[in-house]
Amino acid sequence: TTSKGGEIGVKGILLSGSFSYSAAAFDVRRDNEAVSNPNNPGGSNPLLPSLAPGGSTQSRGIGIDVSGRLTRNLSLIGNMGWLDARTVQNLAAPTTVGQRVSNSGPARKGSVAATYAFSDGWRKGLRVGLTYYQSTENIRIYGTATSTTVYLPANSYWGGMMAYSWKIRGNKTLSLHLAATDLFSQQILTENAVWPTGIQWKLGT
């Protein structure tokens, strides 16, 4: 597989340095990707390779990230991404030319996260946060004559976290971190999941 393309981006600060931002756009083409060998449909002939070069895809996208502090204790992080990945050539399946590449990701996704850090009294060292995720529909597998197309539906869900840090020796700090995805157990099917799992908890240090 060979790739060629380019990327351009900008970054800067806002509100007298309270926030920073970055934005980038890219355009990448991949050629000589492996596809089903048209001379060996379904890999039925063990003497011939089941895959052969003959595919090309083109991906174009934009990504924007913004982060900073609204107050001394409250910080925000937001990002948004747009992706258009399409088949340019497929010798084994010419009808897929122009279609979105399966399992390449949603055309649009983003998230916004807010974290509050307590700084006074017995709560000093405690941080709590919420994150909102949103994405559009994603095609996971294209259908064939004997199967249907599998879609990852558009979804939105919440995540949460709680962390506590305290000093143990000198300048050393120990942190305990508890995070949850799909906070309200909406049974969301995400990009990394095979089936909807509902709320998941992770504890770390």
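The protein chain has a radius of gyration of 23 Å, whereas a compact globule of 205 residues would have one near 17 Å (the radius is taken over C-alpha atoms, and the globule rule is 2.2 Å times the number of residues to the power 0.38). This is a predicted model, where local features need pLDDT of at least 70 and side-chain atom pairs count only at pLDDT 80 or more, while totals for chains, interfaces and linings use all residues. Residues are numbered from 1 along each chain as its sequence is written, and side-chain values use heavy atoms, leaving out hydrogens and water.

**Overall build**
- The C-alpha atoms fill a box of roughly 75 × 40 × 35 Å along the principal axes.
- The protein chain holds 11 strands and zero helices (DSSP runs numbered from the N terminus: E of at least two residues for strands, H or I of at least four for helices).

**Burial and contacts**
- Of the 205 residues, 22% count as buried (under 20% relative accessible area; exposed is over 50%, partly exposed in between, with a 1.4 Å probe and protein chains only).
- Among contacts (heavy atoms within 4.5 Å) between residues at least 6 apart in sequence, 51% join residues at least 24 apart.

**Around Gln186**
- You will find Gln186 in the loop between β10 (172–181) and β11 (200–204).
- Gln186 counts as partly exposed because its relative accessibility is 39%.
- Leaving aside residues up to four places away in sequence, Gln186 touches Ser156, Tyr157 and Trp158.
- Thr131 lies 55 residues from Gln186 in sequence, and their C-alpha atoms are 15 Å apart in space.
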